[in-house]
Structures are given as structure tokens and as C-alpha cells.
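Here's a quick tour for anyone meeting this structure for the first time. Have a look at it, then read on.

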Amino acid sequence: MRFARPVPPAPLTPPARPAFPRCRRPGLLAALCLAPLLTGCFAASGGDGDGEGSAAGDGARLRVALAFPPAEHLSPYGADATILSRLGVTEGLTTLDANGAAAPALAASWRREDDRTWLFTLREAVFQDGTDVTPAAVAASLTRATLAGPAPAALTGVTLTAKAEGAAGVRVTTARPDPVLPLRLSGPGLAVLSPKAYAKKGAVDPAGTATGPFELTHVTGATAAVLDRFDDHWGGRAQASGVDVRFVADGAARANALRTGQVDVAEAIPVAQAAGLDADTRHETATTRTTGLHLNTRSGVFTDPALRAAARAAVDTSALADGVYEGHADAGAGLYGPAVTWAAGKRVQPTGRARPATPGGALVTLATYDNRPELPEVAQVLKQQLEKAGFTVKLEVREYSRLETDALAGKFDAVVGARNSLLDTGDPVSLLASDFTCAGGYNLALLCDRGVDRAVAAAQAVTGSGERQDAAMTAEAAVLGTDAVVPLVHQRVVTGVDDDVSGVLLDPYERTLVSAGTRR
């Protein structure tokens with residue numbers, strides 16, 4: 001199913017991939033070390049201090065600073081799945097192309113056999129532990145994902161079974177017709193891992209068990225990771241010999257590490273720091289990420305629709321876009337922003353909203369995280385706006401991995417969060433199902449509304465691309481009509497890339513960053 005999507009900017013002068021001979025080698029035994037990182041300098045264990053390759057012509061190692069440390073021990077089923085995909089560790093059966101359509105990855109092709117059944121034909125590939133990617137292994141990996149708790153966001157509201165078919169086929173059957181299944185299987189949370197990943201009961205280990213061009217070989221708690229090149233990757237040998245990763249929650253520290261030559265790539269540079277980087281070093285990308293104010297509809301002050309309406313009426317989004325983001329964002333128009341190019345022309349106005357009530361000093365706890373440095377500033381401005389409207393506001397700012405569990409458990413009255421609307425599946429309806437339905441796995445507003453569930457279910461059943469977009473916008477209006485979420489801004493992200501580095505993927509879906517073609 002092809003939908004109109006924003007076209008990602010081309011990679012930064014990607015070099016042509018050399019033709020390396022393919023040779024097999026045993027997978028490396030991954031050691032997951034939980035000791036704290038003892039030094040602040042960037043001298044990873046995978047290479048020498050200057051990041052050079054271990055042999056002449058072997059390709060220099062890349063040094064990357066990411067904003068979000070692992071929150072779930074690098075589980076492939078939750079938010080950490082995106083870390084693995086952005087670093088080129090994991091792959092699924094499909095991926096997204098430049099137009100947001102499903103494209104081949106581990107599956108070379110596929111066809112729809114009937115309304116509920118698809119047959120995927122695998123390409124020849126091997127896992128990082130040296131075993132072959134077989135239909136049985138793929139079917140088992142997908143089955144494990146369906147049993148995960150909570151389920152990956154891409155599977156919200158979907159029941160599927162996967163079975164091996166012949167020498168190269170995997171037949172996937174869904175309980176209900178799913179016209180976007182190839183898109184759904186591109187989600188980072190549905191990465192294919194070898195049987196060895198599930199050897200330990202109750203745990204999934206992506207180290208040395210994935211299929212991407214880089215193999216996770218060492219993790220130092222939530223501070224650093226080491227990746228080595230996987231020479232048997234089906235797409236050819238990566239140009240960098242490995243990747244040394246630092247997880248740096250502080251945005252100013254990420255920018256400073258880039259300026260001082262400690263890292264080659266730094267994601268999510270704060271707008272306050274972007275001006276201090278050379279023009280050739282900072283790269284701004286329009287993304288499908290929306291920052292929103294999620295109001296707890298299950299407990300506390302905002303169970304009252306009239307007080308949710310009062311909060312929505314108090315928010316001035318232009319002050320956030322022009323002030324906090326200094327013009328590097330657009331004022332919130334809905335759940336889907338300008339980077340989702342078809343959304344504005346199809347948007348439906350919300351109806352049935354409650355009339356705003358007088359807050360009367362109602363106390364609310366407003367939470368956010370500082371991995372995206374603008375969010376605490378956004379929360380501070382919102383605090384002022386809500387207090388001006390008559391609320392009493394207490395701020396709670398944490399690092400994301402320390403906030404997520406409490407936020408999803410409803411321990412705050414409101415949460416400011418940034419969410420890429422097309423990250424999990426590339427399908428606009430899937431965001432609505434995972435974030436705003438009773439069964440949603442990432443429902444920060446804890447919304448459970450029959451009207452919203454009906455609208456989302458109706459959208460999930462639509463097959464035509466234009467018609468599905470229309471249905472998604474109708475469901476968006478139903479969500480916004482509850483005032484469970486207030487869209488604040490649509491973000492443009494700044495990535496810092498050293499002048500000597502090429503092939504970094506500036507992806508509006510934020511699924512990829514480092515690939516086989518990234519080098520310095």
C-alpha cells in the first residue's frame with residue numbers, strides 16, 4: 001500500500017559502496033557489561049582513541065552521540081528498538097523507502113494471497129551468530145514479538161501468526177484484514193533475530209543475533225555501546241569498521257562533543273546550540289515528530305473534560321514555536337504536521353469538545369524529560385500559560401528512561417512528550433491505535449473513549465491509500481475532540497555531522513542514522 005509521504009533528504013554525500021568479497025566468520029560473543037563508564041573521554045573499547053580502523057584500508061570507526069540511553073535494556077520490542085535500527089544493528093522483513101512505502105529488506109518480495117494472508121519470500125542472508133536466516137527462524141522471531149508484553153507498538157490491535165513455507169517463504173496471517181501489513185513489518189519493534197536471542201527465558205538479547213551491517217558487541221549500562229562491522233551482511237561490507245556509541249542525555253554536552261572532535265555524529269542538537277556549529281556541520285531535517293501535551297484522562301484533575309478544555313484553551317503554540325524553538329518548529333496543527341504532506345488538505349475539525357471550565361487553582365503535576373533539551377523549556381512556558389489560566393502547576397523533569405514507566409502508569413496529570421507519528425509502522429492509523437485507544441501500548445493520556453476506538457477501528461479497515469488517509473484524519477478529529485492531547489509544535493531536528501563524515505541518513509521517520517554507507 002503506497003501512501004504519500006515526505007521525501008527524506010539525500011544522505012550526506014554518500015560514497016559508492018566498494019565491492020568487497022563476502023566471507024563467513026563466526027559471530028562474536030557479546031559481553032553485556034553493567035559496570036559504569038569510568039571516563040568521560042571517548043575512547044571506546046572497540047577501537048583506538050582516534051577511532052581509526054584496526055587495519056589499513058579497514059575503514060575508520062564512527063563515534064556517535066545519541067540523546068536517549070536504553071530504557072528497556074535494549075529490548076527490541078519497546079522504545080529501545082529505534083536505537084538498534086538507527087545504529088544499523090537490526091532489520092525487519094521490510095523497510096520504508098524515500099516515499100514512505102514498504103521496500104524490501106530481509107524479504108526480497110511479497111504478495112497478498114487473500115484479505116488476511118501475505119506470503120513473504122526471503123533473500124539469502126545470515127544472522128550475526130553465523131546461522132542462516134531461514135523461514136523457520138523468521139516465523140519464530142515474529143511469533144516471539146506477538147507474545148511480548150506489552151506488544152510492540154506496530155502490533156497494537158493486530159493479531160498475526162507466522163509460519164514457514166518451503167525453502168524461502170514466510171506466510172503471515174492476520175485475524176482481520178490488514179492492508180498495510182508490509183508497512184507494519186517495517187517497524188523497528190519487529191526486527192528479526194536468530195533463535196539464540198531467545199535462549200534465556202524471559203529475555204531477548206539482540207547482541208550478536210541480528211542481521212544488520214553492525215553487530216552489538218558490548219554495552220556499558222546506559223552510557224555506552226560498542227558495535228563492530230558484520231562482514232557477512234547481505235547488502236555488502238560496511239565502510240566503517242565499527243561504531244562507538246555514547247548515550248548523552250545533555251544536549252549541550254552532545255553539541256560540545258561534536259565541536260571538540262570527540263564524536264563524529266551527534267543527534268538532536270538543541271536549537272540554542274545549533275547556531276554555534278558551522279553551517280556545514282549542522283543539518284536540519286523536517287520530521288514527522290509532533291510535541292504534544294498529554295492530559296491524564298484516567299485519574300486526577302483532567303478526568304474532567306471541561307478542565308482539559310481549559311488547559312487546551314490556555315496554550316499558545318506560536319509562543320513555543322517562535323520562542324522556545326526559535327523558528328525551528330511549526331505551531332501544532334494536529335497529530336500530523338507539515339512533513340506529512342497530505343495531512344493539511346484532509347484535516348477535519350474536531351467536534352463535541354467540552355466548554356472550558358474555571359480551573360480555580362486546581363493542582364496539576366506536569367512532567368517531561370530532558371533528553372530533548374527543548375522539552376523542559378516547553379514545560380516551563382506551559383506552566384506559565386496554565387497558571388495564568390488559573391491552574392497551579394508543579395513541574396517534574398527527569399531523564400526519559402526514569403520517566404516512561406511512571407508516565408504510562410498515570411502518575412502525572414500531564415506529560416509533555418515528542419512522538420514521531422510515522423515511526424512505528426509508517427502508517428498514520430497505527431499511531432492512533434497505539435497512542436489513543438483503550439488497548440494502546442503507548443497511551444500517555446490513558447485515553448479510553450468508545451468514539452475514538454470506533455473511529456480508529458473504521459480507519460484500520462480501509463484499504464485504499466487516499467481513503468485511508470481520509471479515515472485517519474476523521475479519527476484524528478475524534479482524538480482531538482476529547483482534548484486528551486494538545487498538539488504543541490511539529491519539530492525540525494538538527495543533526496550535527498563532522499565535515500569528514502559522509503553517508504549519514506537524515507531520516508524524517510527517525511528510524512535510521514548510520515548505515516553500511518556511512519564513513520569518515
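Let's start with a strand pairing: in strand 11, Arg-246 is the bridge partner of Ala-224. Helices (H or I, at least four residues) and strands (E, at least two) are DSSP runs, numbered from the N terminus. This is a predicted model, where local features need pLDDT of at least 70 and side-chain atom pairs count only at pLDDT 80 or more, while totals for chains, interfaces and linings use all residues. Residues are numbered from 1 along each chain as its sequence is written, and side-chain values use heavy atoms, leaving out hydrogens and water.

**Strand 11 and its partners**
- Strand 10 (residues 224-229) runs antiparallel to strand 11, with five bridges; two strands count as paired if DSSP finds at least two bridges between them.
- Strand 2 (residues 62-66) pairs with strand 11 in the parallel sense, also over five bridges, and there Val-64 sits opposite Val-245.
- Six of the six residues of strand 11 (residues 242-247) are buried, so the rest of the structure largely encloses it; buried means under 20% relative accessible area, exposed over 50%, partly exposed in between (1.4 Å probe, protein chains only).

**Helix 13**
- Helix 13 (residues 465-481) has 17 residues.
- Its buried residues, including Arg-468 and Leu-480, pack against helix 8 (343-346), helix 11 (428-436), helix 12 (450-460) and strand 18 (485-497).
- Asp-483 follows helix 13 and has a positive phi, near 60°.

**Confidence**
- The chain's mean pLDDT (the predictor's confidence in each residue, from 0 to 100) is 88, and 89% of its residues reach 70 or more.
- Over residues 1-50, pLDDT is below 50.

Methods: Contact = heavy atoms within 4.5 Å. Expected span 1.5 Å × (residues − 1).
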